[in-house]
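Trainee: Could we go through this model together, one question at a time?
Mentor: Gladly; let's open it up.

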Amino acid sequence: MPMHFIYLFVAVIAETIGTTALQASHQFTRLGPSVTAIVAYGISFYLLTLTLKVLPVGVMYAIWSGSGIVLIAIIGWVVFRQTLDLPAIIGMAMILAGIVVIQLYSKTATH
């Protein structure tokens with residue numbers, strides 16, 4: 001697997017951790033989750049800069065944000081007991097399908 005995709009994968013995980021910690025911080029009133037959110041976002045953004053050396057910003061951002069949306073929705077559902085209705089699930093399935101199309105067919109997503 002090319003290094004830029006490893007950077008992108010870890011950036012998605014860091015962003016997911018950051019967003020989860022953001023929810024747990026209760027609007028930055030809890031120190032531990034607040035610090036975790038800031039550090040995780042910093043790691044994510046740094047890794048995105050490394051990814052941008054190879055991938056176009058639009059492709060990188062589509063993969064990063066789309067993956068993060070789906071992961072956060074799953075975490076929200078499992079950890080925070082937030083509900084997802086059918087349109088939300090269908091929309092997220094479409095986001096995942098878009099990521100798959102980019103990965104499999106786009107010549108701008110270098111492999």
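The questions below go from the model's ground rules to a helix, a loop residue and a core.

Trainee: What kind of model is this, and which pLDDT do local features need?
Mentor: This is a predicted model, in which side-chain atom pairs count only at pLDDT 80 or more, totals for chains, interfaces and linings use all residues, and local features need pLDDT of at least 70. Residues are numbered from 1 along each chain as its sequence is written, and side-chain values use heavy atoms, with hydrogens and water left out.

Trainee: Which helices do the buried residues of α1 pack against?
Mentor: Buried means under 20% relative accessible area, with a 1.4 Å probe and protein chains only. Among the buried residues of α1 are Phe5, Leu8, Val12 and Gly18. Counting contact as heavy atoms within 4.5 Å, the buried residues of α1 pack against α2, α3 and α4 (86–105).

Trainee: Is Ser25 buried or exposed, and which backbone nitrogen does its side chain reach?
Mentor: Ser25 sits in the loop between α1 (3–24) and α2, and is buried because its relative accessible area is 0%. A polar atom of its side chain lies 2.8 Å from the backbone oxygen of Leu22. At 3.1 Å, the side chain of Ser25 also reaches the backbone nitrogen of Phe28.

Trainee: Leaving aside neighbours within four places in sequence, which residues is Pro33 in contact with?
Mentor: Pro33 belongs to helix α2 (residues 31–51) and is buried, at a relative accessible area of 17%. Its C-alpha is 8.4 Å from that of Gly18, 15 residues away in sequence. With those neighbours set aside, the contacts of Pro33 are Ala21, Ala24 and Ser25.

Trainee: Which residues touch the most other members of the largest nonpolar core?
Mentor: A nonpolar core is a set of buried Ala, Val, Leu, Ile, Met, Phe, Trp, Tyr and Cys residues joined through side-chain atoms within 4.5 Å. The largest one holds 13 residues, and α1, α2 and α3 (57–78) each supply at least two. The residues touching the most other members are Leu8, Leu48, Met60, Ile63 and Trp64.

Methods
Helices (H or I, at least four residues) and strands (E, at least two) are DSSP runs, numbered from the N terminus. Buried means under 20% relative accessible area, exposed over 50%, partly exposed in between (1.4 Å probe, protein chains only). A polar contact is a pair of N or O atoms within 3.5 Å; within protein, one must be able to donate a hydrogen and the other to accept it, and residues adjacent in sequence count only if both atoms are side-chain atoms.
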